[in-house]
Amino acid sequence: MKGIVCPVCGKKGSLQVKYIKTTNGNEIPYYYVAHYELLKGKTRVVSWHYIGKNVPESIKKQTENEKEGE
Ligand SMILES: [Zn+2]
């Protein structure tokens, strides 16, 4: 799980990638940010923000910095 700042809403979330198969047989990555929010009680709600096929440079830098810190 990669913790990044969502480019859509500016909140912290985790970067997720899903590969979607096209009719041509190619696989295209679709990037999302998942926000896990705990509601009252024990219900955990996940809200998704769609980034797109390409990760913005600002997000890439965040994930690179995380690697360097390990
Ligand atoms: Zn968001």
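Where is the place of Val 8? Val 8 sits in the loop between β1 and β2. Keep in mind that this is a predicted model.

The fold has an open sheet of four strands, in the order β1-β2-β3-β4, with antiparallel pairing. β1 (2–5) and β4 (44–52) are the edge strands, each pairing on one side only. On average, neighbouring strands of this sheet are turned by 45 degrees against each other, direction ignored. As a reminder, strands of a sheet pair through backbone hydrogen bonds, either parallel or antiparallel.

Two of the pairings look like this:

| Strand pair | Sense | Bridges | A residue pair |
|---|---|---|---|
| β3 (residues 27–38) and β4 (44–52) | antiparallel | eight bridges | Tyr 32 with Tyr 50 in β4 |

β3 and β4 also make a hairpin, with five residues between them. In that turn, Gly 41 has a positive phi of about 90 degrees.

Now back to Val 8. Is Val 8 buried or exposed, or something in between? Val 8 counts as partly exposed because 13 other C-beta atoms lie within 10 Å, whereas a residue needs 20 or more to be buried and 12 or fewer to be exposed. Leaving aside neighbours within four places in sequence, Val 8 is in contact with Val 33 and His 49. As for His 35, which is 27 residues from Val 8 along the chain, the two C-alpha atoms are separated by 11 Å.

Terms used:
Residues numbered from 1 in each chain as written. Predicted model: local features only at pLDDT ≥ 70, side-chain atom pairs only at ≥ 80, totals over all residues. Pairing = 2+ DSSP bridges. Helix = DSSP H or I, 4+ residues; strand = E, 2+ residues; numbered from the N terminus. Axes fitted to C-alpha atoms, helices over the stretch in contact; angles between N-to-C directions. Contact = placed C-beta atoms within 7 Å.
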